[in-house]
Amino acid sequence: MWTTLANVIWPPVSPLSDEPVLRSGELTAEDWAEVHFIDRPFCRSCGVPFDHPSYDDMDCPACIAKPHVFTTGRSVFVYDEISRPMVLSLKHAGRTDAVAAFGRWMARAGADALKDADALIPVPLHASRLRARRFNQSVLLARAISRVAGIPVDAHALARTRRTGTQGGLTAQSRARNVAGAFRVRAAARGRLKGQRLVLIDDVFTTGATLNACVRALKRAGAENVNAITLARVVKPVDPTK
Ligand SMILES: [Zn+2]
């Protein structure tokens, strides 16, 4: 009843186009056609989409050259001009109506990683950033996935110990340097991470530098395996033959 009442007061609109939809967080048919959802074929490690089916489940050139620290990375859609407003809308406190839908999509994209996972670990914000924004969008996404997949969220295991500034405009190498050592596992969480299979949750996968820095900290604390699921993924054209 409350949902019905809420729908009358705040009619659900698409997080992409603001056009009316039946259920909160849904997209219109036109929106669906515009968003670049990621599907096979893709790199078995980082999940970057390939343009030819014969490469499916192989490693992309970037992963062969420099493997990520996480085991697999999966994302729902390509981060581009079309999807950017949806991702940014997450960071504005008033616009979290789409989170449940994002959680369902992320649970589907990361189904393999979630199958035998012990806990979901949202990428933390620095305390000062959290105070300013009042919420962490990765925690919202992790909770939404948890409701679908039934895996608990451990939002207090990791801490961001350093303000890393903006990653925008940095090269992959500078990004890695920028976040190196910026995360640590809290002393109280060390015992409970030993031998655990964890899934890191974040909103955007850009170069993987932030995810890798988190995984290093989790593995130092004894985590057995860490996969990653993000809502969006920055994709540069990949030709596996080069
Ligand atoms: Zn890859």
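Start with strand β6, residues 225-233: five bridges join β6 to β1, and the two run parallel. Strands here are DSSP runs of E with at least two residues, helices are runs of H or I with at least four, and both are numbered from the N terminus. Two strands pair if DSSP finds at least two bridges between them. As one example, S75 has T230 in β6 as its bridge partner.

Before going on, two notes on the model. This is a predicted model, where local features need pLDDT of at least 70 and side-chain atom pairs count only at pLDDT 80 or more, while totals for chains, interfaces and linings use all residues. Residues are numbered from 1 along each chain as its sequence is written.

Now the whole sheet. It is open, has four strands in the order β1-β6-β5-β2, and the pairing is parallel. At the edges are β1 (73-78) and β2 (119-122), each pairing on one side only. Neighbouring strands in this sheet are turned against each other by 20° on average, direction ignored. For angles in general, axes are lines fitted to C-alpha atoms, for helices over the stretch in contact, and angles run from 0 to 180 degrees between N-to-C directions.

Next, the helices on the sheet. Helix α5, residues 99-109, lies across β1 and β6 and runs at about 130° to β1. Helix α8, residues 137-149, packs on the sheet and touches β2, β5 (197-205) and β6; the direction of α8 makes about 125° with that of β5. Contact means that the C-beta atoms of two residues, placed from the backbone, lie within 7 Å.

How many of the 11 residues of α5 are buried? Eight of them are, so α5 is largely enclosed by the rest of the structure. Buried means 20 or more other C-beta atoms within 10 Å of the residue's own, exposed means 12 or fewer, and partly exposed is in between, with C-beta atoms placed from the backbone. Among the buried residues of α5 are F102, W105 and M106. Their cover includes β1, α6 (111-114), α8 and β6.

M106 comes up again in the core. The largest nonpolar core has 53 residues, and those with the most contacts inside it are M106, V199, L200, I201, C214 and L218. Such a core is a set of buried Ala, Val, Leu, Ile, Met, Phe, Trp, Tyr and Cys residues joined through C-beta atoms within 7 Å. Leaving aside neighbours within four places in sequence, I201 is in contact with residues including L120, L141, I145 and I229.

The axes of α9 (residues 172-179) and α11 (residues 209-220) come within 9 Å and cross at roughly 35°. On the α9 side, A172, R175, A176 and V179 meet A209, T210 and A213 of α11.

Last, the backbone. A cis peptide bond joins R40 and P41, with omega about 0°. P41 lies in the loop between α2 (29-34) and α3 (61-65). D57 is in the loop between α2 and α3 as well, and has a phi near 70°, a positive value in a residue other than glycine. Is D57 buried or exposed? D57 is exposed, with 11 other C-beta atoms within 10 Å. R134, in the loop between α7 (127-133) and α8, has a positive phi of about 75° although it is not a glycine. R134 counts as exposed, with 7 C-beta neighbours inside 10 Å.
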